[in-house]
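Colleague: I am new to this structure and would be grateful for a guided reading of it. May I put some questions to you?

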Amino acid sequence: MRDSLFGLVLGRLASSLITLLLVSLVIFAITSLLPGDTAQQVLGQFATPEQVEALRAQLGLNQPPLLRYWQWLSGFATGDLGRSASNGVDVIQLVNDRLPNSLLLAAITTVISVPVALIMGIAAAMRRGGVLDRTLNLITLSMVAVPEFLVATLAVLIFAVQLGWLPALSYVSTVDSLGAFMKVYAMPVLTLCSVLIAQMARMTRAALIDQLDSAYVEMARLKGAPPMRRVLRHALPNAVGPIANAVALSLSYLLGGVIIVETIFNYPGIASLMVDAVSNRDLALVQACAMIFCGAYLLLVMLADLCAILSNPRLRNR
Amino acid sequence: MNDTKTMPVSKGKRHPYVSPRSRLPIAVPKQRNRSGWQLTRWIGLSLFSFWLLVALFGPLFAPYPMGAFVSDQIYGGASTAHLLGTDYMGRDMLSRMLTGARYTVGLALVAALLSTLVGAGFGMLTVLLPRWLEESVRRIFDTLISIPSKMMALVMVSAFGTSIPLLILAAVLSYAPGSFRIAHSLAKNLATLEYVQVARTRGEGRLYIAAVEIFPNMIQPVLTDMGMRFVFIVLLLSGMSFLGLGVQPPVADLGSLVRENIGGLSQGALAVIAPALAIGSLTVGANLLIDSLSNSRDNQKE
């Protein structure tokens, strides 16, 4: 039993790694398909062909693509991600500076949104078809489709412009007290949470309702168990796996949202780093950031998968 | 979903096109208040058709040319001359939004249509192809689905620079795989049904089976799925424009209108809020409409 579980986890891990490898191939292929390459871009259009050729040789751009792919990929193992074309700083250093900020933002958002979403989802499932459920359904259904920048602009408008409680832009460097910390993080976190909570609450509700529809809950109802007990004692323990699955999947929405939120609030995270890199067409930096995002995405999807499988014995033997 | 609880035979409802042994995913009709989802459907339908009409005919009613500098006042408020105020260069916001909506809706429609054509087309045809070919196509789509859509768009823009065809290509590469997955599993289930087996035994070709036997039976879920993809693509493309990496001046979609006027946010300018709300009402409307349609699909088909 334990062996097969261990093997299963290992198998999932291996398949995620293979997918990550294929993803890296796609990213590398897209970013190095160009005829006009980095060397041309660094030197500008007035460079002589000899100069371009020399820089190409220096950067290793004249080697066959597969070899370059291999060197780039092995760079991830050694921490050598190349050099940023726009300011000459090592990519790994830029990433190291920015990544903790993004992780902190993601952590705060997760800590706030998960409990709220779970309560909303469970409440809606318990009152299925009732006023509360229908109201929540309408709200979450709308929030899921709202673009992040609409939430962000409305938040700035209300809290910064009208009420004047919060600064419109985030600056992490000014944080020296808890109050300042909360002021800086309030709006980015609020924006990220709004979409995330809606997504998660919907999935939680669906997972719980799936359980509430099953025969054993019907049995509990016939036995005379009160609604609260049916949900909390009977259905919820069995829905933990699907709910964990839903939470992990919803968290992957963070990866898209954080790009807009970091940009609009000027937050010095990895996503705004990447957007700047894309504007400057700084390919080494773009590649590294894209790999980090795709890796995080695959990790969350794998966790979601594992939660679903481990909680449902029937899926273990597939 | 196991199939024991998916076949409600009560209430005199016949289930369309599904035999009792089928493993097709069928939604259990929701225990919802009928008037409740009727309301969301009407909200959704009116918002969505409003934006569709604006995209089709809006520019005809624009009071000023899109690029004309018509006012001395920047970030002007609503007035009789400029119903939605003026932008950061004193251009009429209403005129710009009417044209911007055409780009937002039009691009997303084209991209959603293409994604569905590519995804559902492959999903349907691969069922009929040899096993190894099916598996390799699936592997490719599975790889593409593992790249978040914004990442795909950002990476492609960083490599090739932004342009409208490239944005559409990025959207198709991101959203065709999901469409493929759904269409593939639908087609796979349909392909095991008796009437398809009969057609096969009769000696019909693959294309005939796909077009005549399988396609008509999966068109509804595929269309619903296309609606979802439309919403995602509107969000993706306006997000890219908001980052300044999407549609470029002089052309502007609603996302670029939010971006170019973001400087007016601290004054509470209408020029930022109006296009942002416009995108929100479009996506929310479409989402409400699709949700109500897909929930009531089983009730409608009788």
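This is a predicted model: local features need pLDDT of at least 70, side-chain atom pairs count only at pLDDT 80 or more; totals for chains, interfaces and linings use all residues.

Colleague: What percentage of the residues of chain B count as buried?

Modeller: A residue is buried if 20 or more other C-beta atoms lie within 10 Å of its own. Chain B has 302 residues, and the share of them that count as buried is 44%.

Colleague: At what angle do helix 2 and helix 5 of chain B cross?

Modeller: Two packed helices are described by the angle between their axes and the distance between the axes. Helix 2 (residues 93–128) of chain B passes helix 5 (residues 164–191) of chain B in a right-handed crossing. The residues of this contact divide into 21 nonpolar, eight polar and one charged. The axes come within 5 Å, and the crossing angle is roughly 35°.

Colleague: How are helix 7 and helix 8 of chain A oriented to each other?

Modeller: In helix 7 of chain A, residues including A:Val151, A:Ala155 and A:Phe159 take part in the contact, and in helix 8 of chain A the residues include A:Leu190 and A:Ser194. The axes lie 9 Å apart, at an angle of about 140°. Angles over 145 degrees count as roughly antiparallel and 65 to 115 as roughly perpendicular. Helix 7 and helix 8 of chain A are therefore oblique.

Colleague: Which class has 33 residues on the side of chain A that touches chain B?

Modeller: The contact takes 45 residues from chain A and 43 residues from chain B. Among the helices of chain A that each supply at least two residues to this side are helix 1 (2–31) and helix 13 (283–311). Eight residues of the side are polar and four are charged, while the class with 33 is nonpolar.

Colleague: Which residue of chain B is in contact with A:Met274?

Modeller: A:Met274 is among the residues with the most contacts inside the largest nonpolar core, which has 171 residues. Helix 8 (residues 178–212) of chain A gives the most to this core, with 17 residues. Leaving aside neighbours within four places in sequence, A:Met274 is in contact with A:Val286 and A:Cys289, and in chain B with B:Leu154.

Definitions and conventions. Residues are numbered from 1 along each chain as its sequence is written. Chains are lettered from A and ligands numbered from 1 in the order in which they are written. Two residues are in contact if their C-beta atoms, placed from the backbone, lie within 7 Å. Helices (H or I, at least four residues) and strands (E, at least two) are DSSP runs, numbered from the N terminus. Ala, Val, Leu, Ile, Met, Phe, Trp, Tyr, Cys and Pro count as nonpolar, Asp, Glu, Lys and Arg as charged, and the others, Gly among them, as polar. A nonpolar core is a set of buried Ala, Val, Leu, Ile, Met, Phe, Trp, Tyr and Cys residues joined through C-beta atoms within 7 Å. A residue is buried if 20 or more other C-beta atoms lie within 10 Å of its own, exposed if 12 or fewer, and partly exposed in between; C-beta atoms are placed from the backbone. Axes are lines fitted to C-alpha atoms, for helices over the stretch in contact, and angles run from 0 to 180 degrees between N-to-C directions. A crossing is left-handed if the near helix is turned anticlockwise from the far one by less than a right angle, and right-handed if clockwise. Angles under 35 degrees count as roughly parallel, over 145 as roughly antiparallel, 65 to 115 as roughly perpendicular and the rest as oblique.
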